[in-house]
Amino acid sequence: MTSAPPPKPAPAASGAPDPKIAMGWLHTAKFLTTAPELKHLPRVDVPEIAFVGRSNAGKSTCINTLTQQHRLAFASKTPGRTQSINLFSLGKQGVMDAVLADLPGYGYAAVPKEAKYRWQQVMGNYLQTRDNLKAVVLLCDPRLGLTELDEILLDVIRPRVEEGLKFLVLLTKSDKLNKTEAAKALSIVRLQAGGGDVKLFSSLKRQGVEEVAQHLWDWAHPADTEKPGKPAKAAPDDLPEIND
Ligand SMILES: Nc1nc2c(ncn2[C@@H]2O[C@H](COP(=O)(O)OP(=O)(O)OP(=O)(O)O)[C@@H](O)[C@H]2O)c(=O)[nH]1
Ligand SMILES: [Mg+2]
């Protein structure tokens, strides 16, 4: 795959962004590579969007839901399923214009100490030095809220956020909360995230899917979001496998 300028998006007839374009674009996702360490990751010159968070938060499932592919990223009810950085390329007509990165989760108690330490180093390095990193999506189980490790991660990326790195917190598995619990979780995590963008997300109920897809599109195509173009075809409305 080569990299090239992205296709132009089209606003819907109303002038508002059309989520079908973002969803169609996300459906082009293909496995690119897997790397246990930063030095094994290929350099790419297109925007990269990383999915981070505690083990079992739902990162891989979220990627599968957004890309409308059942088994693109490995999701499992066994925490610690994702062990390396997995990259997925995006782009119409085989022209890569962005990359999604599925990162291993942290905070899983059963992981041996050395592995935990190694992983913290790899992730810290990745978040601080990956040149084409454009945005970070932090996934968090709202029943746990932002934990100490999430807060450490926020501290690590803060300098880059101040320099323009985009950042979004997703409260995953929102299908497990009633309306009152969801509202409470949102306001607590909004406070914790220091005014950062926080949204409810459910792969099971498809809550927040199109909205998040639109964010991803906008981050990857900042110069194009305002320009008109040809609408893309939407991908099938697949439901992910949920077994939690
Ligand atoms: N109810 C519900 N379960 C979900 C949702 N998203 C993910 N899950 C479940 O949560 C479990 C963990 O999902 P994963 O996507 O593998 O989590 P992960 O964050 O990638 O985990 P690691 O790779 O270990 O870091 C699986 O059993 C999923 O089916 C959701 O929106 N609702
Ligand atoms: Mg995973």
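Biologist: What should the 15 residues of helix H4 span at 1.5 Å a residue?

Modeller: The expected span of a helix is 1.5 Å times one less than its number of residues. H4 should therefore span 21 Å, and its end C-alpha atoms are 21 Å apart, which agrees. Bear in mind that this is a predicted model: local features need pLDDT of at least 70, side-chain atom pairs count only at pLDDT 80 or more, and totals for chains, interfaces and linings use all residues. Residues are numbered from 1 along each chain as its sequence is written, while chains are lettered from A and ligands numbered from 1 in the order in which they are written.

Biologist: What counts as a helix or a strand here?

Modeller: Both are DSSP runs, numbered from the N terminus: helices are H or I with at least four residues, strands are E with at least two. The chain has 6 helices and 9 strands, and H4 covers residues 148-162.

Biologist: Where does H4 bend?

Modeller: A bend at a residue is the angle between axes fitted to the seven residues ending there and the seven starting there. In H4 the bend is about 40° at Val156, and a proline, Pro159, follows within four residues. Just after H4, Gly164 takes a positive phi of about 115°.

Biologist: Which strands make a β-α-β unit with H4?

Modeller: Strand S7 and strand S8 (residues 166-171) do, and the unit is right-handed. That word applies if, with the strands pointing away from the viewer, the path from the first strand over the helix to the second runs clockwise. Strands pair if DSSP finds at least two bridges between them. S7 and S8 pair in the parallel sense over 6 bridges, with Cys140 as bridge partner of Leu171 in S8. S7 also pairs in the parallel sense with strand S3 (residues 48-53), over 6 bridges; there Val52 stands opposite Leu138 in S7.

Biologist: Why is S7 described as largely enclosed?

Modeller: A residue is buried if 20 or more other C-beta atoms, placed from the backbone, lie within 10 Å of its own, exposed if 12 or fewer, and partly exposed in between. In S7 (residues 133-140), 7 of the 8 residues are buried, so the rest of the structure largely encloses this strand.
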